[in-house]
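Visitor: I have the sequence and the model open here. Could you walk me through some of the packing?

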Amino acid sequence: MLPDPCTRMSADLFDLPEAEPREDSLGLGAVVLRGLAVADAPMLLAALRDAIRRAPFRHMATPGGFRMSVAMTNCGAWGWVSDSGGYRYTRVDPENGESWPEMAAAFLRVAQHAASRAGFEDFLPDACLINRCERGARLSLHQDRNERDLGAPIVSISLGVPAVFLFGGSRRSDPVRRVPLRHGDVVVWGGPARLRYHGVRPLEDGYHPLTGKQRINLTFRRAA
C-alpha cells in the first residue's frame, strides 16, 4: 500500500532546491527534467491508488522463469506483461481477464507536458507501465523495443525514494552513465536515443513522506 499522498503535500517543497526545474542533457534526444513532477506528485499518486485497486501490483516472471524484483502493473489501452510466453503488450490484464484501468487525465497531462519540454510535440501515450521498487529491486540493462511506434519517446516519472538510473548506448556493451534521480524527476528519451540501453541500480534504503520506503516509476509509451 502507499501512504496517503494528501497527508504530506507540503513535503515536496523541500525536494527541489531551485525555483524552476532545470534540464540535464543525457545526449541527443535524451534529457532529465529535474523536479518537473514534484507539484503534481500527490495528484499522480492519488490517481495511482485508483488504478491499482483494479489492477494490483504483481511480480511478473521473465520468459526464462525468473521472478522480477520489481512489482509491476499497467494502465491505459495497452499493458506490458512478461511470462513464459515472452515480453508483449496486451489489451487485457491476464490476472483478471479485464481491460487495464483507464489512464488518468493527470497521468496524460504530465506525460505530455514533459514530452513537449523535451522537444517531442504531440506525444499521445496509450500505455503506462507502473513499477514499484523496494530495497534491493533493480532493472537490468534493456531496450524498450516491444512498441510498434518507435518514433514516439519514452517518458519516465520518478516518485518517492531516490534511485540511480543507468543510461547506456545502442549496444549493451557501451559505457553506462549513472544518473541520480530524485522525487519528481522526469527522464525523456526518443529520436536518436530511443533504443539506448537503460536500467536501474538496486534500490537502497530510503524514505519519502508520500511513498514510504518505495519508489514508484510511471513509464509512458506509445505501444501501438
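Visitor: How do the axes of helix H1 and H2 cross, and within what distance do they come?

Guide: This is a predicted model, and in it the axes of helix H1 (residues 41–54) and H2 come within 9 Å and cross at roughly 135°. An angle over 145 degrees would count as roughly antiparallel and one of 65 to 115 as roughly perpendicular, so H1 and H2 are oblique to each other.

Visitor: Is that crossing left-handed or right-handed?

Guide: The crossing of H1 and H2 is left-handed.

Visitor: Which residues make the contact?

Guide: On the H1 side the contact is made by Met43, Leu44, Ala47 and Leu48, while H2 brings Ala106, Phe107, Arg109 and Val110. Sorted by class, seven of the residues in this contact are nonpolar and one is charged, with no polar ones.

Visitor: Switching to rings, how many aromatic pairs does the structure hold?

Guide: There are five aromatic pairs, and one of them joins phenylalanine 107 to phenylalanine 220 in an edge-to-face arrangement, with 6.0 Å centre to centre and 85° between the planes. This pair links distant parts of the chain, since phenylalanine 107 lies in helix H2 (residues 105–117) and phenylalanine 220 in strand S13 (residues 215–221), 113 residues apart.

Visitor: Are those two buried or exposed?

Guide: Phenylalanine 107 is buried at a relative accessible area of 1%, and phenylalanine 220 also counts as buried, at 0%.

Visitor: What about phenylalanine 165 and tryptophan 189, how are their rings placed?

Guide: Their ring centres are 5.7 Å apart with the planes at 40°, so the pair is tilted. Phenylalanine 165 belongs to strand S9 (residues 163–167) and tryptophan 189 to strand S11 (residues 186–189), and both residues are buried.

Notes
Residues numbered from 1 in each chain as written. Predicted model: local features only at pLDDT ≥ 70, side-chain atom pairs only at ≥ 80, totals over all residues. Heavy atoms only, no water. Phe/Tyr/Trp six-rings, centres within 6.5 Å; stacked < 30°, edge-to-face > 60°. Helix = DSSP H or I, 4+ residues; strand = E, 2+ residues; numbered from the N terminus. Buried < 20%, exposed > 50% of the residue type's maximum accessible area, 1.4 Å probe, protein only. Axes fitted to C-alpha atoms, helices over the stretch in contact; angles between N-to-C directions. Parallel < 35°, antiparallel > 145°, perpendicular 65-115°, else oblique. Left-handed = near helix turned anticlockwise from the far one by under 90°. Contact = heavy atoms within 4.5 Å. Nonpolar A, V, L, I, M, F, W, Y, C, P; charged D, E, K, R; others polar.
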